[in-house]
Amino acid sequence: MAIGGIHVRRVWAVLWKELIDLRKNRGLLVSLLALPAVLVTVPIGTVFAYANNPEDPSLRTMALFYDPNLPLKASAALFLIDKALVDWFGMFLVMPIFVPILISSQAVAGEKERRTIEPLLASPVTALELVVGKSLASLVPAVAISWLAFAAFCVGVDAVSWRFLKVALMPTPMWLFGVGVIAPLFAFFGNGIAVVISARVAEARLAQQISGMCVLPVVGMVGLQIAGVLRAGTEYYAVQGAVVLVLDALLLFAAVKLFDRERLISRWT
Amino acid sequence: MPGLAIDARELSKRFGERPAVEALSFQVEEGEVFGLLGPNGAGKTTTVRMLTGLLRPSSGDARVLGHDVRTGAERLRREVGLLTEQPGLYDRLTGEENLRFFIKLNELDEAAAWARARRYLERFGLGGREREPAGSYSKGMRQKLAIVRAIVHEPKAIFLDEPTSGLDPEAARTVRDAVAELASEGRTIILCSHNLPEVERLCSRVGVVKGRLLAVSTVRALRRSGAAVAVRVEGEAAPLVEAVKALPFSPGALADGEVLTVTLERDSDVPEVIAALVRAGARIHSAVPAERPLEEVYLDLVRGEGGGEGGEG
């Protein structure tokens, strides 16, 4: 079956092969799981720290730094927990960007390194089908890992907050929107960056290193949020998502251009 | 009468300003085993890539199995098999997974294609090893698996780029036997190789390439290109070498026991050679036309870059 000139069976074949290869690449799997583990446990630890001693006077000092108009009756611990959870989504977005970078760099530049590209291109598969298949092979795990990490994050935060504050804080509408809509857009962005970089460099490791730098602006923005310069929220993340959507379209265009069969064969072999 | 599997006319490829191959014209009949010879960088691989739809020619035309290499490349890739110089296997995948991937890419009936692949695996001595990671295979096993991958979709034409390169003699022999078997099934085979005895053994015709086509001919006609005469003398032939080499037209001379093989530019120089041998005291028992070793013909061609197109024989 072909949709718009794309043979679904061939895309499925590429996806099938990439997922098997991923399953057998233990080093990559460990790398893929390490980042979510950190991004889930750190905020749970932060919530624990705030919820464990909500009457600590230093919490109010911190809260007043972010909001000098915080009412006296309001819980500084709850305010800081809420702020931490909102701000942390910015950091959480590193995951859907970084996971596809790890996978796609291996899947694309890895073909070059292992000299498997020529037999592959000698098959009937088109360059566009390759891009789609390989992108799906990184997007599906990236989104799945993000959603699973989000589920673990919700359980962890609620377990901690319920124990001390008797409230369930997660999931919030902002997080649901962010993980459901924004995170896949960021995953697409990470994949696009990795595909474009991988098509131009010789090694998967180099592709990972260069592509990985695209998380720096995201981390920088989280830094500005924590410094109180930027105020995060649903609208803020929606704007980020819209910008990334435009970048996604540009990256898709570039990836398809770079995956020209002639170019790949003459440059990669 | 077989039709043409390959019909290349004035085929050229440039990478930027650098010409890789220029104005190649040759035909290969269906079911023929055709050798493509040439030194490294001569353009053999570029030629194969154009003929398999991987690279677009800069100029000229070619039809392979009736498909235009420019406009019918996708259909062409369904009908040809390519064994690249590097096996290009996915090391973490098993042999079976490597093959199934290409079965899926070719959109074949998976059960039937896998049954066929298993038969080839058995035939090439890989039976029972298909569940092992390809990364654990020996070099010969990898090459054989790559051959199975290249033929699993039953291509009508198979392009083999240095199929025995880097293999030990036993593995090389197995691969050669496999190629001969494929040829016996009536498939068209294009064999790129530096291994001249291999080409001589497997190919009915060869093309010698060095940027352009230097010769296309049968192996036998090539070996007979230029004159050569084998002179059997009484006693050792070695002392007569200098007498022959001293002739003004500088013939080549090689002694082997009682036989002196003399290579010449022209047949008309043979009487001068015989006269020189007689003057040197040789007692001649016989003088018969000799075929030159293919290696010598090949080296003459690529060193001189001359020769033009040899006669189709």
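Predicted model: local features only at pLDDT ≥ 70, side-chain atom pairs only at ≥ 80, totals over all residues.

Visitor: Where does helix 8 of chain A bend?
Guide: Helix 8 runs over residues 173–198 of chain A and has 26 residues. From its first C-alpha to its last it reaches 36 Å, close to the 38 Å expected. Still, there's a bend of about 40° in helix 8 of chain A, and that's at A:Val179.

Visitor: How many disulfides are there over all chains?
Guide: Take B:Cys192, which is buried at a relative accessible area of 0%. Over all chains, the count of disulfides comes to 0.

Visitor: How far apart in sequence are the parts that A:Phe89 and A:Tyr237 tie together?
Guide: These two rings make an edge-to-face pair, 4.8 Å centre to centre with 85° between the planes. A:Phe89 is buried at 0% relative accessible area, and A:Tyr237 is buried at 1%. A:Phe89 sits in helix 4 of chain A and A:Tyr237 in helix 11 of chain A, so the pair ties together parts that are apart in sequence by 148 residues.

Visitor: Which residue has its charged end over the ring of B:Phe102?
Guide: B:Phe102 counts as buried, at 4% relative accessibility, and pairs edge-to-face with B:Phe101 at 5.2 Å centre to centre. The charged end over the ring of B:Phe102 is 5.1 Å from the ring centre, and it belongs to B:Arg149.

Note on methods: Residues numbered from 1 in each chain as written. Chains lettered and ligands numbered in written order. Heavy atoms only, no water. Helix = DSSP H or I, 4+ residues; strand = E, 2+ residues; numbered from the N terminus. Expected span 1.5 Å × (residues − 1). Bend = angle between axes of the 7 residues up to and from the residue. Disulfide = S-S within 2.5 Å. Buried < 20%, exposed > 50% of the residue type's maximum accessible area, 1.4 Å probe, protein only. Phe/Tyr/Trp six-rings, centres within 6.5 Å; stacked < 30°, edge-to-face > 60°. Lys NZ or Arg CZ within 6 Å of the ring centre and 35° of its normal.
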